[in-house]
Amino acid sequence: MAARLLYLARHAEQDGDQETPAVGLSERGRRQATLLGERLRGVPFAAVHHGPLVRAAQTAELVARSLPGIPVYATELAGDHLPHDTDPAGLPSAYAKLLAGYSAAERVDGPRVTAAAVDRFAAPPEGDEDVLELVITHSFLVAWFVRHALDAPPARWLGLNHHNAGLTVIRFGSGGPPNLIAHNDVAHLPPELRATGLPPDYRI
């Protein structure tokens, strides 16, 4: 039975404030993205997809240098959205504050786009051949895909934090539930390039 092997990577480290949409990668982020590409060299991807923000696009460009001949597509489905309009009641104050920063429109549009991303990427492929795809995106969408694969309660996307250029792999087949094969893997990064994008007290 055919399966979709979905490779998910958070964009590499941005240069400065990630709240600025036009911000690109730092020099350290460029090294992270290059090493992620080298890690994935030879994987027979059908395509690379990335979100429209500059930091995701630049990460995809550097990764794609190690994947000659594989098409690269920008898509809003891999963008930086609020994945779920989570009720803040009973959540830790930090999570409640995060959720309060989203507008009413973002609370509608983000979950809508995220649901479309799940429909597109989190299912077995049509036909009899396995399909491997790489999606370079943002931490929230990676968290949502992991939560979805594990069939966890919707609010559990909160608290799943991802390294810049960390790699997560999920298998979607028709013979059973999704399989989480790798999560937040940074074996391709030397110690000095790991743990960026995480809160300082999460770094180990």
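Hi everyone. What you see is a predicted model, where local features need pLDDT of at least 70 and side-chain atom pairs count only at pLDDT 80 or more, while totals for chains, interfaces and linings use all residues. Residues are numbered from 1 along each chain as its sequence is written, and side-chain values use heavy atoms, with hydrogens and water left out. Helices (H or I, at least four residues) and strands (E, at least two) are DSSP runs, numbered from the N terminus.

Let's start with helix H5, residues 139-150. At 1.5 Å a residue, its twelve residues should span 16 Å, and the end C-alpha atoms are 17 Å apart, which agrees; the expected span is 1.5 Å times one less than the number of residues.

How many of the twelve residues of H5 are buried? Nine are, so the helix is largely enclosed by the rest of the structure. Buried here means under 20% relative accessible area, with exposed over 50% and partly exposed in between, using a 1.4 Å probe and protein chains only. Among the buried ones are Leu141, Trp144, Phe145 and also Arg147. And what do they pack against? The partners are strands S1 (3-10), S4 (131-137), S5 (167-173) and S6 (179-185), plus helix H4 (104-121), with contact meaning heavy atoms within 4.5 Å. Just after H5, Asp151 takes a positive phi of about 55°.

Keep that in mind, as most residues other than glycine have a negative phi. Ala165, in the loop between H5 and S5, also has a positive phi, about 65°. At 0% relative accessibility, Ala165 counts as buried. Then there is Asn184 in strand S6, with phi near 60°; this residue is buried too, at a relative accessible area of 16%.

Now the helix pair. The axes of H1 (residues 27-40) and H2 (residues 54-64) come within 7 Å and cross at roughly 45°. Axes are lines fitted to C-alpha atoms, for helices over the stretch in contact, and angles run from 0 to 180 degrees between N-to-C directions. H1 and H2 are therefore oblique to each other, as angles under 35 degrees count as roughly parallel, over 145 as roughly antiparallel, 65 to 115 as roughly perpendicular and the rest as oblique. On the H1 side, the contact is made by Arg30, Ala33, Thr34, Leu36, Gly37 and Leu40, and on the H2 side by Thr59, Leu62 and Val63.

Thanks, happy to take questions!
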